[in-house]
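Dear colleague,

I am passing on a structure that I would like you to look through, and I have set out below what was found in it. Please read the notes with the coordinates open beside them.

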Amino acid sequence: MKSDIEPGEQQLVSLVEVEDAELARKQGESRSQGQLVRRRFFNHKAAMISTVVLVFITLMAFTSIGFAGIPGWWGKSYMMSGTVINGGAPTMSLLPSWLGGSGLAIGEHPFGQDNTGKDYFALVMRGTQKSIIIAVTVGAVATVIGAIVGALAGYFRGWVDEVLMRMTDLFIVIPLLVLAAVLGQMAGSKLGGSIFALALVLGLLTWTGLARLVRGEILSLREREYVAAAQAMGSKTSRVIFKHLLPNTIGVIVVNATFAIAGAILLETSLSFLGFGVVAPESSLGLLISQYQNAFTNRPWLFWWPGMIIVAIALSVNFLGDGLRDAFDPRQTKKTRRRKKTEEGQA
């Protein structure tokens, strides 16, 4: 019987098997696919460092000032004004005295104070909480919608595929920032400026990339023997899609979800900076940058602290996504790409 795998696909499959066999040989025992994925991820240094940074920022934000009525360990409130001390300059010092600095010290206001004397560390942590909540919500909504739309389009094909993909194209051709600004402001005004309303709108607008990726995977997977066997046994369409097809695209879905979270952080920042995203009395990192952009020349720390945290979160999530992509698909690793080029050159 003629194989359903093309020569190019067979070569890629062989490369994956070589990588898995090499990892198993180094451990001296057979490992499941899940164990191999975890090991490849843990061996990705950039992803592990990014995970530590991301966990540290998240724990710092949610434990310092408290969350959902649970008090935090930081003694100052982001709502309490006070006397501006030393022009609101940060009191944190990280340079030891033997290097000419002021020594290692946190001080009363490590991130400084704003115009009204509020502790800026508490304000930044509050903004970080909201930005993380928005980003995770956007990633979850976009992932669910994109996976379902892509799976339905790839499985049914025909007119279902045409309708869903033309709808996807419609979302793609409209500038995302403009559409998000208009719909986000409308949703925020009707729901009292809720960050969840903004997150829901952004999630409804950012699923298109995943839908195309999942559709491509499903178009390939639906021709496999186990899908035909499930259909022959009378399995319902929903069971075939959600039990047999979508689980085999989990790598694409998980990786795209991380990139969606990183993109949501930057999109929310852009919208809040322009005045179309989070609005007071709510807070976010983008809103803090917008509120204190005029202080960039005389009190730059009011601009740099939220900016640096945005960059740290975005980079960490992107490197985490790279690690997950290499873990789920070893064909994407540099070592495998070099081996593939070498084999092509020898052929």
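**Aromatic residues**

With a relative accessibility of 7%, phenylalanine 121 counts as buried, and this is a value computed, like the others here, from a predicted model. The ring of phenylalanine 121 is paired with that of tryptophan 73, the two centres lying 6.5 Å apart and the planes meeting at 45°, so the pair is classed as tilted. Distant parts of the chain are linked by this pair, since tryptophan 73 sits in the loop between helix H3 (45-64) and helix H4 (120-156), while phenylalanine 121 belongs to helix H4, 48 residues away. Both residues are members of one aromatic cluster, which is formed by Trp73, Trp74, Phe111, Phe121 and Trp305. The count of aromatic pairs comes to 11.

**Annotated spans and helix packing**

The unreviewed UniProt entry carries the annotation "transmembrane region" for residues 46-70, 132-156, 168-188, 194-214, 245-267 and 302-321. In the model, residues 132-156 are 100% helix and 0% strand, with their end C-alpha atoms 36 Å apart, whereas residues 245-267 are 83% helix and 0% strand, with a distance of 31 Å between the end C-alpha atoms.

Helix H8 (residues 208-221) packs against helix H11 (residues 250-274) at an angle of about 170°, and the axes are 10 Å apart. Because an angle over 145 degrees counts as roughly antiparallel, H8 and H11 are described as roughly antiparallel to each other. On the H8 side the contact is made by Leu210, Leu213, Val214 and Glu217, and on the H11 side by Val252, Ile253 and Asn256; by class, the residues of this contact divide into 5 nonpolar, 1 polar and 1 charged.

**Two single residues**

Serine 316 is part of helix H13 (residues 301-328), and at 5% relative accessibility serine 316 counts as buried. Leaving aside residues up to four places away in sequence, serine 316 touches Ser50, Val53 and Leu54.

Arginine 157 lies in the loop between H4 and helix H5 (158-173), and with a relative accessible area of 37% arginine 157 is partly exposed. Most residues other than glycine have a negative phi.

Definitions and conventions. Residues numbered from 1 in each chain as written. Predicted model: local features only at pLDDT ≥ 70, side-chain atom pairs only at ≥ 80, totals over all residues. Heavy atoms only, no water. UniProt positions renumbered as here; feature names shortened; annotations may be inferred. Helix = DSSP H or I, 4+ residues; strand = E, 2+ residues; numbered from the N terminus. Axes fitted to C-alpha atoms, helices over the stretch in contact; angles between N-to-C directions. Parallel < 35°, antiparallel > 145°, perpendicular 65-115°, else oblique. Contact = heavy atoms within 4.5 Å. Nonpolar A, V, L, I, M, F, W, Y, C, P; charged D, E, K, R; others polar. Buried < 20%, exposed > 50% of the residue type's maximum accessible area, 1.4 Å probe, protein only. Phe/Tyr/Trp six-rings, centres within 6.5 Å; stacked < 30°, edge-to-face > 60°.
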